[in-house]
Amino acid sequence: MLPKNLYQEWFANSRSDLLAGLVVALALIPEAIAFSIIAGVDPKVGLYASFCIAVVTAFFGGRPGMISAATGAMALLMVTLVRDHGLQYLLVATLLTGVIQIAAGLARVADVMRFVSKSVMTGFVNALAILIFMAQLPEFKGAGFTMYAMVAGALAIIYLLPRLTRAVPSPLVAIIVMTILALLFKLDVRRVGDLGEIPDSLPIFLWPQVEWSLATLWIVLPYSLGLAAVGLLESWMTAQIVDEMTDTPSDKNRESRGQGLANIVAGLFGGMAGCAMIGQSVINVKSGGRGRLSTLVAGVFLLIMIVLLSPWVKQIPMPALVAVMIMVSIGTFSWASFKNMRLHPKSSSIVMLATTITVIFTHNLAIGVGVGVLLSALFFARKVSQVLQVTGIRAGECRTYTVSGQLFFASSEAFVNEFDFKEVLSKVVIDVSHAHFWDLTAVSCLDKVVLKFRREGAEVEILGLNEASATLVDRLAMHDKPGALKRLLSH
Amino acid sequence: MSHILACTDGSSYAPSIYQHSAWAATRMGLGVSVLHVIDPHRELAPGTNLTGMIGFDASLELTEELVKLEEARARVAKLKGNAILEDAVKQLEAAGIAPVETLHRHGSLVETLGELEPDADLVVIGKRGEDSGLAKAHLGRELERVIRTSVRPVLVAAREFKPVSQFLIAYDGGPSILKAIDFIIANPLLAELECHLLRSGKVDDKALRDLEETATRLREAGFEVACTAVPGSVEEVIASAVEEHRIDLLVMGAYGHSPIRQFILGSTTTTMVRTCHIPVLMFR
């Protein structure tokens with residue numbers, strides 16, 4: 001008997017996992033093909049990558065039931081590398097991406113996910129959906145009526161068929177119907193076969209054909225860093241979404257290592273870098289996929305279909321695939337975020353929009369998340385800086401100021417302005433025992449206040465500085481100890 | 001607080017579990033805590049929808065749908081659990097046990113026991129549970145995992161409870177059974193009952209000497225010990241000894257071998273629990 005966890009993660013839900021894996025494999029084909037085109041490589045590269053990544057993450061990922069494969073977010077980052085240096089350099093970049101991700105996994109970088117707020121997540125998801133949608137637009141360029149009609153027809157099948165039956169995947173039906181129509185009426189639309197090589201064999205081990213030198217490293221390193229960052233972010237966020245949907249935990253650092261290993265394997269078998277996919281993972285969970293088996297089946301079935309059915313896959317009209325990708329894009333987008341913009345605080349809407357817009361302009365999800373995190377940190381600092389109160393009580397020639405609240409870079413100016421330096425006094429007492437000094441700016445501001453009062457000829461006494469500056473001591477370890485919070489709040 | 005932890009799922013074994021617990025509680029002078037877990041089985045999908053289609057706000061909608069499904073299931077499970085625990089308290093109190101406490105928890109049985117077990121002196125569980133009512137030849141799905149991970153002695157209740165007057169120790173010289181001997185000597189659970197000490201498998205001089213030493217230890221502790229060594233297949237020897245001497249309780253060390261070996265060869269422990277129709281007291 002297998003250890004409990006291994007059994008649960010692999011076989012507890014095997015029947016549903018098997019079916020869900022089949023459904024997901026269908027949704028993987030269009031994405032792999034579409035984004036190979038974006039990256040400027042043969043569909044083969046994306047399909048092999050999807051197979052390798054799905055299979056490896058099934059075993060080594062940290063989130064059972066999550067689907068990883070070749071993705072759009074990653075493909076967009078490779079465009080210039082492929083254009084300027086060719087496929088072989090992409091394979092090297094993929095290997096290096098994997099190495100960086102494994103290192104990030106070992107360094108437990110996933111813990112920084114706690115700095116990514118809900119608004120940044122929403123912005124990220126929306127940006128991703130828009131990118132997927134925009135990637136479909138080139139297919140419409142110069143296309144005739146047939147193209148539009150076929151996309152509309154396929155979408156109608158995808159969305160309406162589930163009302164009749166829930167037993168067959170409607171995207172599959174849409175693809176089959178459109179293929180038959182295109183063949184019967186010899187419709188003038190692009191076919192998958194027109195786009196480049198479709199594999200008709202299993203992937204083989206290939207050592208990238210490049211000059212292994214420092215010069216090569218400098219070429220691929222910037223790309224690999226970007227790919228690693230985007231891949232990890234999308235994987236962690238997808239894992240978080242799957243966690244929430246299924247109410248089960250995941251190991252995000254293990255996921256980092258799994259993604260890294262998957263990319264290394266993909267690179268060695270002639271595939272491009274990939275990561276977890278939100279849309280396909282949602283499809284998997286919806287179809288009943290929960291265990292690792294579903295991911296494995298998705299990868300294996302994808303390859304079997306491609307290899308066995310390659311003459312037929314070549315005949316699939318592009319409008320059918322575009323329709324499936326439009327569905328994925330619509331399903332990924334957070335439509336509730338429009339409604340929530342009116343309800344949520346303005347600052348969180350700004351963070352969400354900034355994240356989305358940055359991604360759309362840079363085509364880089366990591367930069368978007370960076371901007372979002374930075375903005376939410378600034379907004380947070382601004383909010384907390386308002387938690388500051390200074391009250392003064394006068395007794396004869398002496399005034400006692402009682403300071404309470406949070407003092408740091410963002411609140412120091414407001415802090416200085418709270419004091420009335422024009423008042424003629426002989427003694428000033430500043431009681432800071434109810435305040436927290438978080439950084440040096442706060443301390444120097446207190447100095448400033450003291451000096452100002454002294455210039456006016458007042459004697460200054462400060463009470464409770466030791467307690468107030470306890471937070472200044474930058475030994476983070478202290479905050480982890482039991483009672484740390486109590487000590488901080490006690491004064 | 002020391003007590004006896006009785007795990008129930010309201011299956012046909014439940015009354016027997018309470019009787020076994022009551023017997024042990026009376027002999028050990030302890031109270032009983034009855035544990036019922038609601039396993040949400042999050043590793044299982046509640047339903048399949050093979051449309052492969054995702055619409056507007058797909059993940060939000062799906063989360064809500066799953067929450068609704070699981071909520072309904074959890075409510076039913078909670079009502080059922082309450083009824084099971086009420087019944088357990090009634091039966092145990094009728095048997096004169098005090099105090100009787102109830103524990104109603106979410107999670108898998110193994111996981112929950114891991115949290116609660118350290119406070120207990122003895123864990124009582126049924127041979128079969130609710131999930132395996134039909135597969136009579138098989139053990140309760142959770143049973144093996146419970147025994148494997150348990151740090152306390154586990155009393156595996158048989159279908160029917162019979163007052164215990166004779167018990168048999170399946171002695172193999174391993175560390176688990178030595179733990180069992182220590183427990184038997186120190187604990188009032190089996191005090192003054194008739195003891196059979198049986199060694200089977202490979203019986204050589206060393207094994208016999210070892211067996212005799214253990215018998216002496218038990219005799220010094222006041223037990224009347226019938227000590228035998230029978231070479232042969234462990235499963236068969238124990239099963240026939242249980243028949244022959246009308247043994248009421250089997251004491252054995254559990255799962256001496258690795259899960260991998262067991263996967264290939266099968267486990268003596270599992271066979272014994274399955275074939276002997278008497279309660280088994282297991283030590284890990």
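Predicted model: local features only at pLDDT ≥ 70, side-chain atom pairs only at ≥ 80, totals over all residues.
How many helices and strands does the secondary structure of chain B come to?

Figure 1. The secondary structure of chain B comprises nine helices and 10 strands. The C-alpha trace of chain B spans about 75 × 45 × 30 Å along its principal axes. Chain B has 284 residues, of which 39% count as buried. Taking contacts in chain B between residues at least 6 apart in sequence, 80% join residues at least 24 apart.

**Figure 2. The side of chain A that touches chain B.** Here 42 residues of chain A are in contact with 27 residues of chain B. On chain A, two or more residues each come from α1 (4-10), α2 (14-39), α7 (145-164), α8 (170-184), α9 (214-246), α11 (278-286) and α14 (318-332). Sorted by class, this side of chain A has 24 nonpolar, 12 polar and six charged residues.

**Figure 3. Packing of α11(A) against α2(B).** Helix α2 of chain B covers residues 58-94, and α11(A) packs with α2(B) at an angle of about 25°. The axes of the two helices are 10 Å apart. Angles under 35 degrees count as roughly parallel, and α11(A) and α2(B) are therefore roughly parallel to each other. Their crossing is left-handed.

**Figure 4. Residues that meet between α11(A) and α2(B).** From α11(A), the residues are A:Val282, A:Val285 and A:Lys286. They meet B:Ala58, B:Ser59 and B:Leu62 in α2(B). By class, this contact has four nonpolar, one polar and one charged residues.

Methods: Residues numbered from 1 in each chain as written. Chains lettered and ligands numbered in written order. Contact = placed C-beta atoms within 7 Å. Helix = DSSP H or I, 4+ residues; strand = E, 2+ residues; numbered from the N terminus. Nonpolar A, V, L, I, M, F, W, Y, C, P; charged D, E, K, R; others polar. Axes fitted to C-alpha atoms, helices over the stretch in contact; angles between N-to-C directions. Parallel < 35°, antiparallel > 145°, perpendicular 65-115°, else oblique. Left-handed = near helix turned anticlockwise from the far one by under 90°. Buried ≥ 20, exposed ≤ 12 C-beta atoms within 10 Å, placed from the backbone.
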